[in-house]
Amino acid sequence: MNRLLAFVLIVVLSAGVVAGTSSWIFNDVKLGLDLKGGFEILYEAQPIEPGGTVTKDSLVETAKSLEARANATGVAEPEVTTEGTNRIRVKIAGVSDETKVRDILKKPAELTFRSARGCAADKGYCKIELRGSDFKENGASVHQTNLNAYEIGIKLKSAKQFAEVTREIAKLSATGQNQLAIYLDETQLSAPSVATEINQDEAVITGNFTREEATNLKNTINLGALPLKLTEKYTQSVGATLGKLSLQETVWAGVIGTVLILLFMMAFYRLPGIIASLCIIVYIWLLLLGFNLIDATLTLPGIAAFILGIGMAVDANIIMAERIKEEMRSGKSILSSQKAGSKSSFRTIIDAHVTTTIAALVLFFIGVGSVKGFAVILLLSIIISVLTNVFFSRLLLTLIIRSGIVKKKSLFGVKESEVRAL
């Protein structure tokens, strides 16, 4: 009686949790650009200076800068990953203005302070005194003056360096070339005069900025220059409508396929089929929960891995049910058949999962992009499949059999005429 009560409680609790939280879990799954719409770019990185090299650190820093730039455009959760020794893949889903985002991603945005020291008369401000790397990260901010004008304050890493630069430029006041021009790339923002040495770590960019222009300039400065030069090697765009259509069709196909599988299991395997159906539903719920917990992005290849995992889950239940039926046909009791069948099926199921795990690990360590995502979801589905369709399924079957209410082998799909005498 206690085992029957435990069985009922576990079933009711599992069904309640799945029914009560499925909507929240499903809506919280992060969709890839092939299901949501967006674009993907594969960049090849090259050193900015001739003769330079692309290091692992510079590649990672460039990827971080790209992610920061993508975030600054307001897009949700861009996916920026490095590949190999010189490639960066950017995936951005749910983008309404792809052109604007792409322009921001590849914009050099190098901030420089320049002077005319040692320059020919026709060369303008040819000497770069300070670069963007000389300023503190996220040190730019917007201020409004008493005259309602907007200016951008920036912070330097070294007050001593700024003092040296301004001291040398101030010496040019006799020739009228004592300006410290501020450039963003090759665009001159302003060219304030330097009368004396400025011994502090802050400077101000002035100009006829609107509030929006000043804010954009502040954001651009804080994003900084990319450590490496990037060249687009591959691009792919998926329209929002096409992505939404793909998702709807995929969900419908998944629902219809899953329902047919559950009906088949219950009709053909009876009691083990009903328990297997519950375990498969719990498996799907846990897999979606796992997506959210590891912050995975669901893509079409990921759905393929998801469906492959359901197939493995069904196989595990069928193997165990068939082993139990074989034991029953040999004349053993229901309890003995369940013990022997579960034990003999365990090794077969684990062997199948181990071989799939090896294949998934190979895909993970050698593959890139969506192939690696496929491998991650496949590995996750294997772990959850073992937990739900081996241990959880065996627990429920053991409880219901040991409760004593299961007395007919026909509940397992075994006819009395098929049972051989011992």
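Which helix gives the most to the lining of the second largest pocket? H7 does, with 13 residues. This is a predicted model, in which local features need pLDDT of at least 70, side-chain atom pairs count only at pLDDT 80 or more, and totals for chains, interfaces and linings use all residues. Residues are numbered from 1 along each chain as its sequence is written, and side-chain values use heavy atoms, without hydrogens and water. Helices here are DSSP runs (H or I, at least four residues), numbered from the N terminus.

**Second largest pocket**
- The second largest pocket holds about 620 Å³ of space.
- A pocket is an open set of points on a 1 Å grid over the protein atoms alone, with protein on both sides within 12 Å along at least five of seven lines.
- A volume is the space filled by probe spheres set on the points.
- Its lining counts 25 residues; Phe26, Gly254, Ile284, Leu288 and Phe306 lie nearest the centre.
- Helix H1 (2–27), H7 and H8 each supply at least two lining residues.
- The lining divides into 19 nonpolar, six polar and no charged residues.
- Ala, Val, Leu, Ile, Met, Phe, Trp, Tyr, Cys and Pro count as nonpolar, Asp, Glu, Lys and Arg as charged, and the others, Gly among them, as polar.

**Largest cavity**
- One cavity of 30 Å³ or more is counted. A cavity is a set of points where a 1.4 Å probe fits but cannot get out; lining residues have an atom within 4 Å of a point.
- The largest cavity has a volume of about 60 Å³.
- Its lining includes Met265, Pro272, Asn317 and Ser393.
- H7, helix H8 (300–329) and helix H10 (370–402) each give two or more residues to this lining. H7 has the largest share, five residues.
- Seven lining residues are nonpolar, three are polar and none is charged.

**Nonpolar surface patch**
- Ten residues are not all listed here; among the patch members are Phe26, Val251, Trp252 and Ile274. 
- The patch has about 930 Å² of accessible area together, by the Shrake-Rupley method with a 1.4 Å probe.
- Patch residues have over 30% relative accessible area and no salt bridge, and nonpolar side chains are joined within 5 Å. A salt bridge is a side-chain nitrogen of Lys or Arg within 4 Å of a carboxyl oxygen of Asp or Glu.
- Helix H7 (residues 240–293) gives the largest share, nine residues.
- Val251 lies in helix H7. Val251 counts as partly exposed because its relative accessibility is 31%, between buried (under 20%) and exposed (over 50%).

**Arg270**
- Arg270 is found in helix H7.
- Arg270 has a positive phi of about 55°, although it is not a glycine. Most residues other than glycine have a negative phi.
- At 40% relative accessibility, Arg270 is partly exposed.

Definitions and conventions
Patch = residues over 30% accessible without salt bridge, like charges linked within 9 Å, V, L, I, M, F, W, Y side chains within 5 Å. Buried < 20%, exposed > 50% of the residue type's maximum accessible area, 1.4 Å probe, protein only.
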